[in-house]
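Colleague: I have just opened this structure and would like to learn how to read it. Could you walk me through it, one feature at a time?

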Amino acid sequence: DLRLLEIFEKLIKEIAPLTYISRGKKFVRIRNKRLYEYMKSLGCGKTGEWKVPNEIINNSIFRKVWLRAFFDDEGCVKNNSIEVYTSNENGFELIIKMLKLEKIRTTVYIRPPRKKG
């Protein structure tokens with residue numbers, strides 16, 4: 001989503017104005033060691049280890065933005081359902097918690113991963 005990339009770039013420039021930023025059609029690349037370390041501490045780059053900070057969980061605006069980005073990336077709409085693909089069980093529990101905080105009822109069906117080969 002081009003608009004989300006523009007918002008992300010603007011936020012980075014506001015919170016870390018000396019950050020090196022390069023743009024592509026479908027990505028924003030940033031180079032900032034402190035931001036990199038913070039993102040790594042949240043589990044970025046490791047599918048099974050990402051976390052959602054309490055600052056996002058406890059703030060309705062941040063929570064909605066995070067959920068939208070998550071479902072844009074990891075979900076899809078099929079028939080009358082929204083499907084999410086993640087191997088992070090702890091992260092998935094946080095998603096359910098955030099949906100409940102937004103008063104969105106959920107029914108969860110666990111599907112075993114497909115066998116490769």
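Modeller: Gladly! Let us start with strand pairing: in β2, Ile30 is the bridge partner of Ile21. Keep in mind that this is a predicted model.

Colleague: In which sense do β1 and β2 pair, and over how many bridges?

Modeller: They are antiparallel, with four bridges between β1 and β2, the latter covering residues 28-31. The two strands form a hairpin, and four residues lie between them.

Colleague: How many residues lie between the strands in the hairpin of β3 and β4?

Modeller: Two residues separate the strands there, and Asn79 takes a positive phi near 50° in this hairpin. Strand β3 (residues 75-78) and strand β4 (residues 81-84) run antiparallel and are joined by four bridges.

Colleague: How many salt bridges does a search of the whole structure find?

Modeller: The search finds six. One of them brings together the side chains of Arg23 and Glu9, at 2.7 Å from N to O. Arg23 is in strand β1 (residues 20-23) and Glu9 is in helix α1 (residues 2-15), so this pair ties together parts 14 residues apart in sequence.

Colleague: Are Arg23 and Glu9 buried or exposed?

Modeller: Use the cut-offs again. Glu9 has a relative accessible area of 13%, so Glu9 is buried. Arg23, at 34% relative accessibility, is partly exposed. There is also a network of salt bridges here, linking Glu9, Lys13 and Arg23.

Colleague: Let us stay with α1. Which residues of α1 are buried?

Modeller: They are Leu5, Glu9 and Ile12. Looking down the axis of α1, you find these buried residues within an arc of 60°, so they line one face of the helix. On the other side of α1, the exposed residues are Lys10, Glu14 and Ile15.

Colleague: And how far does α1 reach from its first C-alpha to its last?

Modeller: With its 14 residues, α1 reaches 20 Å, close to the 20 Å expected at 1.5 Å a residue.

Colleague: Can we read α4 in that way? What is its reach, and what is expected?

Modeller: α4 has 15 residues and spans 20 Å between its first and last C-alpha, close to the expected 21 Å. Now look for its buried residues, which are Arg63, Trp66, Leu67 and Phe70. Down the axis of α4, the buried residues fall within an arc of 100°, so they too line one face of the helix. Ile61 and Val65 are exposed on the face turned away from that buried side.

Colleague: What kind of surface patch do Ile61, Phe62 and Val65 make?

Modeller: Theirs is a nonpolar patch of about 320 Å². Phe62 sits in helix α4, which covers residues 60-74. Its relative accessible area is 46%, so Phe62 is partly exposed.

Colleague: Which residue does Arg68 meet in a salt bridge?

Modeller: The side chain of Arg68 meets that of Asp72, with 4.0 Å from N to O. Both residues lie in helix α4 and are four residues apart, about one turn of the helix. Arg68 has a relative accessible area of 37%, so Arg68 is partly exposed.

Conventions. Residues numbered from 1 in each chain as written. Predicted model: local features only at pLDDT ≥ 70, side-chain atom pairs only at ≥ 80, totals over all residues. Heavy atoms only, no water. Patch = residues over 30% accessible without salt bridge, like charges linked within 9 Å, V, L, I, M, F, W, Y side chains within 5 Å. Areas by Shrake-Rupley, 256 points an atom, 1.4 Å probe, with all protein chains shown as cover. Buried < 20%, exposed > 50% of the residue type's maximum accessible area, 1.4 Å probe, protein only. Pairing = 2+ DSSP bridges. Expected span 1.5 Å × (residues − 1). Arc of directions from axis to C-beta.
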